Amino acid sequence: MLHYISSSPLRPRFLLLTSPPSNRRFLAMSAAPSSSSSRLVRGAAVPVPSLGTDEACAVADDAFQRYTSPSLRRGGAGVAVVWFRNDLRVLDNEALLRAWAASEAVLPVYCVDPRIFSGSTHYFGFPKMGALRAQFLIECLGDLKQSLRKKGLDLLVRHGKPEEILPSIAKAVSAHTIYAHKETCSEELLVERLVSKGLEQVQIAKGGASVPKKPLNPRLQLIWGATMYHVDDLPFPVNNLPDVYTQFRKAVESKSSVRNCTKLPPSLGPLPSSSIDEIGGGGTIPTLESLGLSVTKSEKGMYFIGGENAALGRVHEYFWKKDQLKDYKVTRNGMLGPDYSTKFSPWLASGSLSPRYICEEVKRYEKQRVANDSTYWVLFELIWRDYFRFLSAKYGNAIFHLEGPRKVVSKWSQDQALFESWRDGRTGYPLIDANMRELSATGFMSNRGRQIACSFLVRDMGIDWRMGAEWFETCLLDYDPASNYGNWTYGAGVGNDPREDRYFSIPKQAKSYDPEGEYVAYWLPELRSLAKERRNFPGASYIRQTVPLKFDVGNQKKDQQFNRQRRPNNTYRRQVK
Ligand SMILES: Cc1cc2nc3c(=O)[nH]c(=O)nc-3n(C[C@H](O)[C@H](O)[C@H](O)COP(=O)(O)OP(=O)(O)OC[C@H]3O[C@@H](n4cnc5c(N)ncnc54)[C@H](O)[C@@H]3O)c2cc1C
């Protein structure tokens with residue numbers, strides 16, 4: 001078992017671990033060094049971002065100042081609640097701003113939903129949320145609470161289901177509206193419906209408790225806010241979204257524009273005058289222990305610091321301090337170290353970082369430093385993220401079904417032993433094993449690694465792609481249903497775009513992206529003593545390969561037919577719905 005952790009300059013850290021049996025979560029904890037790729041190569045854990053406390057605070061203060069406007073006025077009455085979900089930020093949070101503008105007092109609430117924090121994945125019963133992501137979110141909540149306090153508010157934390165908590169809070173504070181960001185996938189949509197239904201049972205006096213008039217029901221006001229391009233600005237209705245990414249991208253680039261980030265007033269207060277104590281106090285942010293998670297020390301890889309302040313720090317570090325943006329397109333296919341790619345995804349997934357903020361920072365960088373293919377390519381990738389989000393709205397639950405949006409019926413294996421060898425990084429292919437161990441140890445895997453690991457599971461092992469997708473759901477810090485299942489359906493050849501059906505040859509990928517075996521030797525130290533060119537091809541000096549590759553090294557031809565003959569026998573077939 002590979003464990004680790006480290007502490008950051010900002011706060012102590014906890015990290016996850018590997019070889020996790022299906023329903024147990026492991027964590028690790030350690031003390032922190034400073035960051036750099038070379039340091040990572042030498043084997044020390046690296047915080048992301050790696051800014052010191054003072055620098056991180058200064059960066060965040062500067063960003064908040066640039067997005068604060070003293071001229072904003074609020075014209076509303078009564079109380080509005082803000083229900084925080086996957087939007088754990090203050091900057092460019094339209095739900096928060098709309099609540100402020102439409103009220104005299106705002107109450108921010110977060111519900112620690114047991115279905116998310118302690119539930120199981122849909123088909124295979126893995127933990128819904130691994131310990132690393134739980135820790136990351138705990139940090140996001142702590143950071144959000146601090147930022148709200150600085151703005152004259154606070155974060156009320158309640159443990160339970162939003163549909164049970166929010167109606168009673170709305171009643172207690174006589175809230176006329178609950179503002180929240182709209183989601184697109186079924187579990188989240190169900191909760192939205194249940195919250196709305198619960199609010200129908202609540203009646204408050206019009207104009208707030210102090211001005212009794214005809215009673216009304218508080219309403220749930222859902223706001224679009226997770227994507228760079230706003231859904232209302234698309235040049236087509238979401239149901240007519242093109243099935244080819246390039247068509248989508250070209251259309252939005254030529255016909256839509258990205259809205260500006262919202263500005264903040266200097267203060268978002270006050271909280272409702274009814275004392276928070278009267279409604280049970282501010283509540284407590286959960287701890288790992290309270291969520292039933294365990295902790296073990298670890299020493300390798302990257303560890304991500306949760307929260308909006310860290311997110312703003314990472315944008316500053318990657319774009320401005322390290323000046324990496326100008327090289328992004330060249331480095332983005334790397335696998336080792338914090339700086340081959342932006343590493344924005346964990347903060348984007350928790351909503352601690354707005355994609356529109358990244359877009360504005362790219363534009364600012366292009367004006368002040370340089371505009372090139374690399375600066376554009378970050379936006380290109382964010383458009384992929386948008387695309388998967390819109391696809392999830394278009395295709396609904398089809399992105400979770402075995403046959404995917406294209407309803408492709410194929411035979412798949414659910415061989416447990418093979419799956420576990422992949423999950424635990426014991427396939428006998430160093431490139432797969434290293435990536436899977438990194439995922440378990442850090443909650444992160446590069447995009448290159450994800451594509452290779454997905455292709456191997458699905459094509460070389462013939463395993464039901466949903467097992468891989470659900471394992472990623474457990475482990476990823478940046479887990480996002482639309483991006484995760486969208487990418488897996490593409491990798492499995494069941495995605496909406498038939499042209500995105502790709503096989504990744506392990507030997508070829510190893511030669512192209514880890515030619516000296518630095519990456520595999522980092523995660524599999526037993527390979528370090530081998531000659532560099534042998535680390536990815538260790539033969540008998542490494543563990544036995546669990547499956548042969550689908551194609552010989554010399555034959556990289558894409559198999560459009562998705563040859564099933566070499567798949568294990570215990571397959572099953574599902575009918576197209
Ligand atoms: C099988 C598989 C599963 C994935 N699951 C997720 C997931 O659950 N959540 C998630 O955010 N990303 C997922 N991705 C996409 C991608 O791997 C990660 O977004 C990326 O590796 C994050 O690292 P980064 O922030 O340094 O990315 P960068 O290369 O710096 O890209 C910048 C941003 O663009 C977006 N982006 C880049 N590539 C993609 C992509 N293929 N799909 C969607 N958005 C993209 C991300 O928001 C990312 O933060 C998955 C990819 C694959 C192949």
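Guide: Asp92 lies in the loop that runs between strand 4 (79-84) and helix 3 (94-101); helices (H or I, at least four residues) and strands (E, at least two) are DSSP runs, numbered from the N terminus. This is a predicted model, in which local features need pLDDT of at least 70, side-chain atom pairs count only at pLDDT 80 or more, and totals for chains, interfaces and linings use all residues. Residues are numbered from 1 along each chain as its sequence is written, and side-chain values use heavy atoms, with hydrogens and water left out.

Asp92 counts as buried because its relative accessibility is 2%; buried means under 20% relative accessible area, exposed over 50%, and partly exposed in between (1.4 Å probe, protein chains only). With neighbours within four places in sequence left aside, Asp92 is in contact with Asn260, Cys261, Thr262, Ser354 and Arg356, where contact means heavy atoms within 4.5 Å.

Another buried residue is Leu439, with a relative accessible area of 0%. Leu439 belongs to helix 15 (residues 430-442). Setting aside neighbours within four places in sequence, the contacts of Leu439 are Phe444, Met445, Trp471, Phe472, Cys475 and Leu476. From Leu439 to Arg450 the separation is 11 residues in sequence and 9.4 Å in space, C-alpha to C-alpha.

As for cysteines, Cys111 is buried at 6% relative accessibility, and Cys454 is buried at 7%. The structure holds 0 disulfides, a disulfide being a pair of cysteine sulfur atoms within 2.5 Å.
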